[in-house]
Amino acid sequence: MAGNFFIFWLVLIGFLVVILGSFAFAGILAAPWVPLWKKDVRRMLELAGVKEGETVFDLGAGDGRIVIMAAKEFGAKSVGFEIAFLPYFLAYIKIILSGKKKNINLRFKNFYHQDFSQADVICTFLSPQAMLKLKPKLQTETKPGCRIISYVFKIPDWQPTKIDKPNQNQAAIYLYQR
Ligand SMILES: C[S@@+](CC[C@H](N)C(=O)[O-])C[C@H]1O[C@@H](n2cnc3c(N)ncnc32)[C@H](O)[C@@H]1O
């Protein structure tokens, strides 16, 4: 009996360590999980001018709200990359429930190891350090015409094509066109 109890706690603690560890790891790599408001997701996709059939990448997909809206409301083929277990799991469930699973590819993958050449649109909501680290990949791997949308944080030294900031209370979203 005491042995079973010990194993239960051991498994529970191990589980929590893995979940919290993956959160911390993602925070160190690029940004912790901070979900966007739905209206801001729509602002991002509208600013990018996402068209039916285009491929939209979300670097750090969180609970999948960008990839789901891109597929459902804009007719895109979405690809989300996520490295933390809990948001990945939530996104997986939400994608199944969205009824758009065939148009959404959710990958448990570090996006720094992903080639960006297939993307028409790349969405980011990442730390300034991550934007700096991503810059060479965005510069060399994206195809001509690719749009990069960044929530709040700019790509260092790049000139945005457009900035969406409707008023003082709303966060800036930056559009870069390659
Ligand atoms: C600020 S959140 C953005 C969430 C989502 N895009 C949204 O708009 O709601 C950043 C996400 O990136 C994930 N992340 C951080 N570094 C990553 C990496 N190298 N590869 C994949 N995902 C990463 C985090 O786990 C977190 O869920």
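The axes of α1 and helix α4 (residues 85-98) come within 7 Å and cross at roughly 95 degrees. The two helices, α1 and α4, are therefore roughly perpendicular to each other (a term for angles of 65 to 115 degrees). This is a predicted model, in which local features need pLDDT of at least 70 and side-chain atom pairs count only at pLDDT 80 or more, while totals for chains, interfaces and linings use all residues. Residues are numbered from 1 along each chain as its sequence is written, and side-chain values use heavy atoms, with hydrogens and water left out.

**Helix α1 and helix α4**
- From α1, Val-18, Ile-19, Ser-22 and Phe-23 meet Phe-85, Leu-86 and Pro-87 of α4; contact means heavy atoms within 4.5 Å.
- Helices are DSSP runs (H or I) of at least four residues and strands are runs (E) of at least two, numbered from the N terminus.

**Leu-20**
- Leu-20 lies in helix α1, which spans residues 2-29.
- Leu-20 is exposed, at a relative accessible area of 54% (exposed means over 50%, buried under 20%, and partly exposed in between, with a 1.4 Å probe and protein chains only).
- The C-alpha atoms of Leu-20 and Cys-123 are separated by 25 Å, the two residues being 103 apart along the chain.

**Ser-78**
- Ser-78 belongs to strand β2, residues 77-82.
- With a relative accessible area of 1%, Ser-78 is buried.
- Leaving aside neighbours within four places in sequence, Ser-78 is in contact with residues including Val-56, Val-67, Ala-70 and Asn-103.

Technical notes: Axes are lines fitted to C-alpha atoms, for helices over the stretch in contact, and angles run from 0 to 180 degrees between N-to-C directions. Angles under 35 degrees count as roughly parallel, over 145 as roughly antiparallel, 65 to 115 as roughly perpendicular and the rest as oblique.
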